[in-house]
Amino acid sequence: MPHMTAFARNQWYVAAYSHEVGRELLGRTILGEPLVFYRAKEDGAPVALGDRCVHRRYPLSESGLDGDRIVCGYHGFTYDRTGACVYVPGQKRIPRTARVASHPVVEQDSLVWVWVGDPALADPQAIPRARHLDSPGWTTVRGMEPIDADYGLLVDNLLDLSHETYLHGGYIGTPEVAETPITTEVDEGAGIVRVSRHMDDAECPPFYARSTGIAGRITRWQDIEYHAPCLYLLHSRIAPVGVLPEADGSDPNGFHTEITYAITPSADGKVYDFWMVSRDWATDDAEVTEFLRSNNHTVVMQDVDALNLLQKTLGSERAGYQELSINIDTGGLAARRILARLVEEGDKPVEKAL
Amino acid sequence: MSAPTGEIYRIDWLPGTDVLHGTCHCGAEHTAQDPVEMWEWMLGHPEGHRLQPQSQPQSEPQSQPQSPERAP
Ligand code: FES
Ligand SMILES: [Fe+2]
Ligand SMILES: [Zn+2]
């Protein structure tokens, strides 16, 4: 069996960016469940329904909308926004079981979150915030790459940034990243893992040198906040070496970049990698925006290629292969354990249908 | 199922060394050179988590739940 992290049900997951959900039907598979998304005309709210027609399982995402109803593209079964079938061809009687599942959805911070699990347990207040994605004073570039890898591999990747030095050298990696010790904190109740790496005197990687114009060495802080299972925030601060925030907490001479990921398990061995880079500097500079977009896309693709390869490689290993963890893995190990707890809590007494 | 505890665990990798220094939410501290061993110690709480020497001399580390034998 290749590397496979179980799914944590009864959790919120990012299904899409707000701009992706409109009047075109959008299909996304999340935690192994095929879902279809669209934006209702009625009130502009996103809708998430099961993506298989009850008749012959045709994908509704390959069908069409009639107002706020989906008309199955195969034989015309028609569903309202609650998932109830309201029309079948040729007859008056609509079988009572004719409905597709409807999932709780919340649109917040330019993200469309969907609840996977028992709808009665869905609490919108539990969704972690990423306000910088949709706040004045911030500019964001973003993208999404599907990866053919277990989502646990992406969590591992993001919790251990020492890989920047090797996988992303010449982009965001410099020697100091891998060399600098980290601190790790786990907030058990909140399900948050924090990993911090503060470099006092580091080389400025091209990603920041070319975008900020800083010529010399920098003070570089990386503060990770992973809200298991889905949202990953990397608070990045860089400044010319020795330039620190003011005593009153303000930081006029620091460059703040919020790197956000949503890690959404799709199916076994598949994950959606939503990536976003937000900045509070040079916010109107289109050249900087384009540079960060293309440079970060390159960096993300380096990870995508590495994880695709890693998954394939692990899949060819015998069962029970060994790993070897060292200090850099302290945060990644913490995240794995939190995920294991969420998986356990999300597992209903009802056995998963296979 | 383990309920959330609302408690904070912290592990500092001491600069200039290979040493990890862990602090449990109960205040107990531990050093190790291997994160797997560190997390095992941490999550073993309260097993082996004696408070620091200067704290009040607590009861012996107990491996079984409080027994009711002190009740009259
Ligand atoms: S499969 Fe949808 S109507 Fe037949
Ligand atoms: Fe990376
Ligand atoms: Zn303890």
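I began with polar contacts between chain A and chain B, and counted seven residue pairs, both residues at pLDDT 80 or more; a polar contact is a pair of N or O atoms within 3.5 Å, where within protein one must be able to donate a hydrogen and the other to accept it, and residues adjacent in sequence count only if both atoms are side-chain atoms. I note that this is a predicted model, in which local features need pLDDT of at least 70 and side-chain atom pairs count only at pLDDT 80 or more, while totals for chains, interfaces and linings use all residues. Residues are numbered from 1 along each chain as its sequence is written, chains are lettered from A and ligands numbered from 1 in the order in which they are written, and side-chain values use heavy atoms, with hydrogens and water left out.

I then looked up which elements of chain A supply the side that touches chain B: strand E13 (183-187) and helix H6 (330-346) each give at least two residues, and H6(A) has the largest share, with seven. Helices (H or I, at least four residues) and strands (E, at least two) are DSSP runs, numbered from the N terminus.

For salt bridges (a side-chain nitrogen of Lys or Arg within 4 Å of a carboxyl oxygen of Asp or Glu), I found one across the interface of chain A and chain B. Arg10(B) and Glu185(A) form a salt bridge, with their closest N and O atoms 2.7 Å apart.

I next took the extent of the interface, where 21 residues of chain A are in contact (heavy atoms within 4.5 Å) with 23 residues of chain B. The buried area, which is the accessible area (1.4 Å probe) that two parts lose on being put together, summed over both, is about 1900 Å² between chain A and chain B, and carbon and sulfur atoms give 61% of it. In chain A, Pro181(A), Glu185(A) and Asn327(A) lose the most area to chain B, together 26% of what that side buries.

Turning to strand pairing (at least two bridges found by DSSP between two strands), I saw that E13(A) pairs with strand E1 (residues 8-13) of chain B in the antiparallel sense over five bridges, and that Val186(A) stands opposite Tyr9(B) in E1(B).
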